[in-house]
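Here is a short briefing to read alongside the structure. Take a moment to look it over, and then we can walk through it by topic.

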Amino acid sequence: MESSHHDVAPIIHYTWIGPPNNPGIGVPGHDVAGPISMAKANKHNPIIFWCLFDYLDHYKKKFEKHPNIEVRSIEHHIEKEMPNYEKQTDQLIDIMQKCLNEEKKRNTIRDRVTLKEAFSLFLLCTQAGYVLDTNIIPTEKSITLPAYTNVKAPAFKEHSQDIADFETWMLYSPAPGNESVITMLNNFYLSWRKTEKYYRTHGADRAFYDLISCAFSVAIATEYFKQKIDLWIVPDIEDNFVLVKELNLIKFYSNTHKYKSRQKFNPTLFADIKNKDRTLSEIFFAVRSANDIWLKLLIEHGADVNETIKKPSYYNYRGETPLHVAIKMNNLSNVSILLKAGADPDIPALYPGDVEITARDLMQSNEIFHELLAKLPPINPDRRCSLGKAKKTARADVIAFRRELESDWQNALELLKQIPEDQLAKFIKLANLHPSHGQVLVDYAEKSQDYHLLLALLESNGSFFNAKQPEYAPALYEGLDILKDHQLDQDPFLRRFLVENLENFKLLINHILSFYEVEILPNDKISAALLAHPDEAQRLLEVIAHLYRENLFQDDILEAILSYPENAIGIYVAILRWKIAERETDDALRKLILTNSSLIKTNFISLRNLEERNLLDKLLNEDTK
């Protein structure tokens with residue numbers, strides 16, 4: 001469905017629900033950076049900033065230097081008499097009253113986002129034009145956003161059938177009263193009511209957040225599947241922003257689970273649904289970006305360029321500043337911006353091996369920063385603090401391993417093989433691997449059947465297993481804990497048996513532990529059979545237990561059972577039935593059963609029939625060979 005342009009410049013709506021982002025609260029400039037940047041670059045599209053009535057005066061003052069931004073009250077717009085939109089007005093009032101009800105402990109960040117999404121659709125119904133998140137910023141010094149004939153939304157893939165590919169931070173409608181927009185708002189309202197019903201029963205648990213988070217995407221995707229709207233296709237997220245190339249706009253991802261940089265570098269950032277467990281602020285993500293627009297805006301709006309990491313994760317070490325991170329990313333532009341903004345190069349961070357390293361130290365080891373380094377003032381010894389517990393040098397093997405991971409995997413693996421098995425987990429934890437490196441090592445360990453490495457990776461960081469089934473790592477942890485309780489966690493057979501029989505491990509482990517107690521295990525032949533026939537492991541273990549209890553745990557019987565595990569029960573039953581154990585030295589049937597593979601595999605029924613017809617003795621008197 002092609003879109004065509006019109007000459008009229010449509011309205012650009014920015015919406016902010018909640019109080020202003022004052023210094024120290026939230027992402028600096030998150031509420032105003034987009035509108036201000038748009039007002040500087042765009043002199044053609046009308047710009048309206050919508051906020052709650054309580055903050056109207058604040059934002060009017062905030063934008064007083066930008067007369068092309070008109071500030072309006074959300075409440076006043078909803079309260080207007082709009083005969084064509086009475087149903088939609090009632091829906092929005094319902095959402096607003098419940099989401100902002102502080103007496104019932106609402107008005108959370110998630111509630112404000114829900115209201116923002118609903119109000120965005122309401123604006124498209126009643127006003128049309130664009131609705132943008134406040135962190136959408138022009139990439140050019142002069143732009144005009146065009147008009148289209150159809151409703152449009154951003155998505156990561158064209159013709160996608162996956163709801164997750166549809167984004168909600170920008171929408172466009174060509175005219176008020178568009179049927180698709182009204183349908184989206186109606187569907188969003190119905191989804192919201194279902195989540196409210198869930199909330200009344202279960203509260204704001206993870207499922208509630210998942211339900212309400214996807215309601216807007218579902219509303220958009222449903223209309224797209226009916227071929228009622230068009231898409232702006234945007235690149236998949238590789239950094240902390242996506243580019244809407246057609247419009248020369250950048251969307252910066254802040255406070256969102258869809259921000260892949262957050263998942264990649266710090267998956268715990270949004271572990272707490274109330275957002276109380278944030279471990280990194282926005283500036284640490286901005287300095288990773290090859291695009292410096294967001295970093296400049298954050299600094300302009302009050303971000304602390306000397307903020308330090310309190311709670312490390314992956315490549316973010318305790319005490320690191322944005323300057324440390326920018327230098328590690330080889331980002332000369334961002335390093336220069338930070339230094340000009342007052343970043344201190346002499347704040348130490350604690351790196352692997354418990355070594356203290358300042359940003360100045362990092363610059364000295366990388367020649368691309370030597371010109372900037374020469375312009376820095378000399379080190380002030382009184383300024384350099386200490387994190388404590390630091391050693392003079394880092395562990396050479398850890399540093400070498402991390403370096404080789406970035407350049408030569410084979411060399412890295414050779415270094416890893418030199419680490420004693422009982423120290424692997426500690427070594428990997430100290431190396432503080434990037435998740436992608438950990439996941440590649442997990443794949444390597446599985447393919448090479450290196451179960452010591454696999455379990456060491458598990459003990460060092462379970463998130464390396466995130467690409468697998470969600471229950472995989474917890475099940476491995478549980479099995480390893482069982483082995484640790486019996487001080488058998490370093491037994492090579494049990495480590496491999498745990499990995500290869502993960503689904504049935506809890507069912508099988510009691511048998512195995514009992515075998516260790518009576519010294520049936522360790523036994524090379526039994527171990528090899530159990531590992532070679534995981535599907536028959538339970539049957540083998542049960543038969544071996546019966547043999548032991550019946551005093552039939554003898555070499556030739558065990559050999560037959562281990563050689564033909566699929567017939568283990570049949571062999572045991574035949575031996576027990578004909579009481580072979582009482583005639584160990586001369587019973588031809590024993591030899592017949594235990595040495596003739598064709599009989600073992602196929603002829604137990606025939607043997608039983610012969611016995612029932614009293615023909616078995618005749619057979620035994622003949623040459624059984």
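Why does cysteine 51 count as buried? Its relative accessibility is 0%, and buried means under 20%. Do keep in mind that this is a predicted model.

**Cysteines**
- Cysteine 214 counts as partly exposed, because its relative accessibility is 33%.
- The structure holds zero disulfides.

**Nonpolar cores**
- The largest nonpolar core has 68 residues, and Phe401, Ile428, Phe465, Leu476 and Phe497 have the most contacts inside it.
- Beyond its neighbours within four places in sequence, Leu476 is in contact with Leu455, Leu458, Phe465, Leu498, Val499 and Leu502.

**Strands S4 and S7**
- S4 (residues 129-132) and S7 run antiparallel and are joined by four bridges, with tyrosine 130 opposite tyrosine 172 in S7.
- In S7 (residues 170-173), Met170 and Tyr172 point one way while Leu171 and Ser173 point the other way, and all are buried.
- In a regular strand, side chains alternate between the two faces of the sheet.

**The open sheet**
- Three strands, in the order S5-S10-S9, form an open sheet with antiparallel pairing.
- S5 (136-138) and S9 (241-244) stand at the edges with a single partner strand each, so one side of each has no neighbour in the sheet.
- From one strand to the next, the twist averages 25°.
- Four bridges pair S9 with S10 (residues 249-252), and leucine 243 stands opposite isoleucine 250 in S10.

**Helices on the sheet**
- Helix H1 (residues 33-41) packs on the sheet and touches S5 and S10, its direction making about 20° with that of S5.
- Helix H11 (residues 293-300) lies across S5 and S10, running at about 110° to S5.

Definitions and conventions. Residues are numbered from 1 along each chain as its sequence is written. This is a predicted model: local features need pLDDT of at least 70, side-chain atom pairs count only at pLDDT 80 or more; totals for chains, interfaces and linings use all residues. Side-chain values use heavy atoms; hydrogens and water are left out. A nonpolar core is a set of buried Ala, Val, Leu, Ile, Met, Phe, Trp, Tyr and Cys residues joined through side-chain atoms within 4.5 Å. Buried means under 20% relative accessible area, exposed over 50%, partly exposed in between (1.4 Å probe, protein chains only). Contact means heavy atoms within 4.5 Å. Helices (H or I, at least four residues) and strands (E, at least two) are DSSP runs, numbered from the N terminus. Two strands pair if DSSP finds at least two bridges between them. A disulfide is a pair of cysteine sulfur atoms within 2.5 Å. Axes are lines fitted to C-alpha atoms, for helices over the stretch in contact, and angles run from 0 to 180 degrees between N-to-C directions.
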